Amino acid sequence: MNHRIEELLIRLKALADESRLSLLRLLNQQEYSVGELSERVNLGEPTVSHHLSRLREAGFVTLRAAGNQRFYRINESGLAYFKKLIA
């Protein structure tokens, strides 16, 4: 399979989940911790962490550590690359 198609499929699979799309909508507004996201989407922190991990692997979000807290935000360059893949 074409490498570009494989990369696109990885990203599309990451987006093919209602919870992950909800997380992306929130992160598009501002940076959040796992706990804050958990409260907003009404999911447990381990579940939110799992979804964020998938989104991070696909290049849609970035992680910033501050002490024991982890903060996530939209990865603008990752979104730009995704747009390039689908073009």
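Glu31, Arg64 and Arg73 are linked in a network of salt bridges. A salt bridge is taken here as a side-chain nitrogen of Lys or Arg within 4 Å of a carboxyl oxygen of Asp or Glu. The model is predicted, so local features need pLDDT of at least 70 and side-chain atom pairs count only at pLDDT 80 or more, while totals for chains, interfaces and linings use all residues. Residues are numbered from 1 along each chain as its sequence is written, and side-chain values use heavy atoms, with hydrogens and water left out.

A search of the whole structure returns three salt bridges. Two of them involve Glu31. In one, Arg64 pairs with Glu31, and the closest N and O atoms lie 2.6 Å apart. This pair links distant parts of the chain. Arg64 sits in strand E2 (residues 61-66), whereas Glu31 occupies the loop between helix H2 (18-29) and strand E1 (32-33), 33 residues apart. Helices (H or I, at least four residues) and strands (E, at least two) are DSSP runs, numbered from the N terminus.

In the other, the side chains of Arg73 and Glu31 meet at 3.4 Å, N to O. Again, distant parts of the chain are linked. Arg73 belongs to strand E3 (residues 69-74), and 42 residues separate Arg73 from Glu31.

Buried means under 20% relative accessible area, exposed over 50%, and partly exposed in between (1.4 Å probe, protein chains only). Glu31 has a relative accessible area of 25% and is therefore partly exposed. Arg64 counts as partly exposed because its relative accessibility is 33%. Arg73, at 37%, is likewise partly exposed.

A further salt bridge joins Arg11 to Glu7, with the closest N and O atoms 4.0 Å apart. Both residues lie in helix H1 (residues 3-15). They are four residues apart, so about one helical turn separates them. Arg11 and Glu7 are both buried.

Lys84 counts as exposed because its relative accessibility is 59%. Ala66 is 18 residues from Lys84 along the chain. The C-alpha atoms of Lys84 and Ala66 are separated by 32 Å.
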